Amino acid sequence: MAYVLQRIVTMVPVLFFLSVMVFGLIHLIPGDPAQVILGQEATPEAIQQMRMKLGLDQPVPIQYWHWLQHVLTGNLGQSLVDGEPVSHLIAQRLPVTIELAVGTIVVALLIAFPFGILAAVYRGRWLDAAALFTSTVGLSVPPFWLGILLLIGFTVKLHWFPSSGYVPMWQDLGQNLHAMVLPVVATGVREAAVLMRMLRSSLLDVLHQDYVRTARAKGLYGWMVITRHALRNALIPVITTGGLQIAGLLGGLVITEQIFALPGFGSLLVQAVFSRDYTTVQGATLVAALLVVVVNLVVDLVYGVVDPRMRLGKESR
């Protein structure tokens with residue numbers, strides 16, 4: 001529990017720094033939000049009144065303080081384009097992106113673990129060569145290109161999957177999974193290739209450690225040594241890589257969402273940027289940064305579960 005509290009406390013200055021960065025960077029974007037709301041035909045007097053209404057006539061530190069107070073209460077402001085609460089827009093779009101990211105990681109794990117372990121165990125044999133060749137192909141193929149190929153093959157030619165028409169899982173789980181198969185495969189192949197290479201390399205290193213040789217000398221079977229001793233210690237770099245992949249996926253699924261017409265968080269952010277919807281950009285960027293921080297926290301906690309030495313590092317020293 002002390003380890004968890006310590007990790008949570010260390011998040012506070014990080015979150016404060018992120019809030020300053022998000023607020024400051026938005027103010028560096030050229031353009032006047034009051035002008036965006038009122039349009040190009042608005043008079044200078046009307047623009048000035050709108051700036052006073054939005055609080056833009058006040059010094060930036062005061063604007064930040066008011067914005068931070070609202071954020072702490074869950075109020076991210078209203079969209080400058082359609083007037084809807086930003087938190088409402090994010091709540092509508094974020095589950096789609098989270099589902100896509102989780103599905104991507106599940107596909108990546110299902111591919112990476114068996115092939116990564118087999119490649120390490122049978123190093124130098126045809127199975128290792130096949131795994132390395134497959135991972136190289138997976139790294140070389142951009143997800144958007146693979147997504148287009150999957151659409152052409154399984155949607156246009158075979159008519160097995162829909163090209164659009166996302167349905168939330170709480171409305172119809174079957175249709176939801178049917179619509180998400182191709183997107184998660186398109187993005188999961190590349191992530192699987194990264195994890196598979198990392199797991200193979202890490203496991204090869206562990207298999208040459210003295211304690212693994214000792215376990216084998218005591219008569220333990222090969223797969224028992226791998227599953228009980230080697231694999232657990234080989235997971236640390238894999239978890240690190242997986243955490244970075246999840247954090248990158250949350251903000252990097254924009255193209256996949258566009259190809260498969262998914263109403264996700266990334267497409268919301270892109271639309272807000274192009275329409276100069278500052279409050280939506282500000283709120284979405286802050287939420288994306290918070291998600292990355294939370295993912296890093298979860299990764300740190302998983303470190304403690306996989307390797308107790310990290311959780312008890314201070315006491316052991």
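Student: Is T256 buried or exposed?

Tutor: This is a predicted model, in which local features need pLDDT of at least 70, side-chain atom pairs count only at pLDDT 80 or more, and totals for chains, interfaces and linings use all residues. Residues are numbered from 1 along each chain as its sequence is written, and side-chain values use heavy atoms, with hydrogens and water left out. Buried means under 20% relative accessible area, exposed over 50%, and partly exposed in between (1.4 Å probe, protein chains only). T256 has a relative accessible area of 5%, so T256 is buried.

Student: Which residues does T256 touch, not counting residues up to four places away in sequence?

Tutor: T256 is found in helix α11. Helices are DSSP runs (H or I, at least four residues), numbered from the N terminus. Contact means heavy atoms within 4.5 Å. With residues up to four places away in sequence left out, T256 touches L100, P183 and T187.

Student: Which helices do the buried residues of α7 pack against?

Tutor: Helix α7 covers residues 143–157. Its buried residues are L146, G147, L150, L151 and T155. They pack against α8 (173–207) and α11 (254–259).

Student: Where does α7 bend?

Tutor: α7 has 15 residues and reaches 20 Å from its first C-alpha to its last, close to the 21 Å expected at 1.5 Å a residue. The expected span is 1.5 Å times one less than the number of residues. A bend is the angle between axes fitted to the seven residues ending at a residue and the seven starting there. For α7 the bend is about 25 degrees, at L151.

Student: Why is α5 called oblique to α8?

Tutor: Helix α5 (residues 86–121) and α8 have axes 4 Å apart. Axes are lines fitted to C-alpha atoms, for helices over the stretch in contact, and angles run from 0 to 180 degrees between N-to-C directions. Angles under 35 degrees count as roughly parallel, over 145 as roughly antiparallel, 65 to 115 as roughly perpendicular and the rest as oblique. α5 is oblique to α8 because they pack at an angle of about 40 degrees.

Student: Which residues of α5 and α13 make their contact?

Tutor: The axes of α5 and helix α13 (residues 278–306) come within 10 Å and cross at roughly 50 degrees. That makes α5 oblique to α13. The contact is made by T279, T280, G283, A284, V287 and L291 of α13, and by V86, L89, I90 and L94 of α5.

Student: Which residues does R200 touch, not counting residues up to four places away in sequence?

Tutor: R200 is found in helix α8. Its relative accessibility is 16%, so R200 counts as buried. Leaving out residues up to four places away in sequence, R200 touches G116, A119, A120, R123, D128 and L132.

Student: What separates the C-alpha atoms of V238 and L203?

Tutor: V238 is found in helix α10 (residues 222–252). V238 counts as buried, at 6% relative accessibility. V238 and L203 are 35 residues apart along the chain, and their C-alpha atoms are separated by 9.9 Å.

Student: How many helices are there in the protein?

Tutor: Of its 317 residues, 39% count as buried. The C-alpha trace spans about 85 × 60 × 35 Å along its principal axes. The protein has zero strands, and its helices number 15.

Technical notes
Helices (H or I, at least four residues) and strands (E, at least two) are DSSP runs, numbered from the N terminus.
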